[in-house]
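Here is a short report on the fold and the aromatic contacts of one protein. Sequence and structure come first.

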Amino acid sequence: MLTTKKLRILALHGYMQSDVIFSAKLGSLRKGFKKEIDFTFIRAPHKVPSKNDTGQEDTDENGYGWWFNTEDHVFKATVPSELCVGFDNSISLIKKTFSEQGSFDGILGFSQGAAFVSILCAMKKKKILQIEFDFAILISGFKSLCAPHAKYYNEEIDIPSLHIYGENDQVIPTVLLFTVMAEQISCLFPNKKEIRHEGGHYVPSKKDIYRDFIIEMLNKYKNSNS
């Protein structure tokens, strides 16, 4: 993995987290790939009400969200909704980030952030959003059940992707339901790698989980520049 090229990856945190919290959660990953990856962390634009009982572990009491599916600013991953409150603000933030910081090699997302990454991939494929990135990493990702998002799940997305899931993820009420929601995302990505770990709803820290995919992405850039 010796190369002068470092991958620039935009990192999108989960619901009820923040850029600072997510950076800490990715501490082992950042350290393990410090010679290969530069991470950029951004904070979702919507403050989550402090008394919001999400039932989600690994959260920050001063957390933020990318969108809500109720008018009172609550997000429930398993609840179908006609709403995606605040989603447009999050898209504006993504546009602003790319405009100010340039293109990224890839985007990484966790939980709701991973659901957001899948939508960004679809928007890029459909040329709805003019942003440039070449791969995606989705950790504990799932399909958004917000009706306005349904249009983003109707065709394959050929961007290279890595999908990571915990076999004991219980944030979604049942492992079976989570598996279904997760597979509804991964099936859209024909050019994918899937890895399952024995843990729950968190970002696994073992470098081995990511190594092959990261090496493959680095080699693509190395070969394209040779």
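A residue counts as buried under 20% relative accessible area, as exposed over 50% and as partly exposed in between (1.4 Å probe, protein chains only). Of the 226 residues in the protein, 52% are buried. The model is predicted: local features need pLDDT of at least 70, side-chain atom pairs count only at pLDDT 80 or more, and totals for chains, interfaces and linings use all residues. Residues are numbered from 1 along each chain as its sequence is written, and side-chain values use heavy atoms, with hydrogens and water left out.

The protein has 6 helices and 8 strands. These are DSSP runs, numbered from the N terminus: helices are H or I with at least four residues, strands E with at least two. From the N terminus, the order is β-α-α-β-β-β-α-β-α-β-β-α-β-α.

The structure holds 13 aromatic pairs. Rings of Phe, Tyr and Trp (its six-membered ring) pair if their centres lie within 6.5 Å; planes under 30 degrees apart are stacked, over 60 edge-to-face, the rest tilted. Two edge-to-face pairs follow.

| Pair | Centre distance | Plane angle |
|---|---|---|
| W67 and F87 | 5.6 Å | 80° |
| F98 and F104 | 5.2 Å | 75° |

W67 lies in the loop between β4 (64–65) and α3 (87–101), and F87 in helix α3, 20 residues apart. Both W67 and F87 are buried. F98 and F104 are buried too. One aromatic cluster includes W67, F87, Y15 and F142.

Charges also meet rings. The criterion is NZ of Lys or CZ of Arg within 6 Å of the ring centre and within 35 degrees of the ring normal. R43 places its charged end over the ring of Y64, 4.5 Å from the centre.
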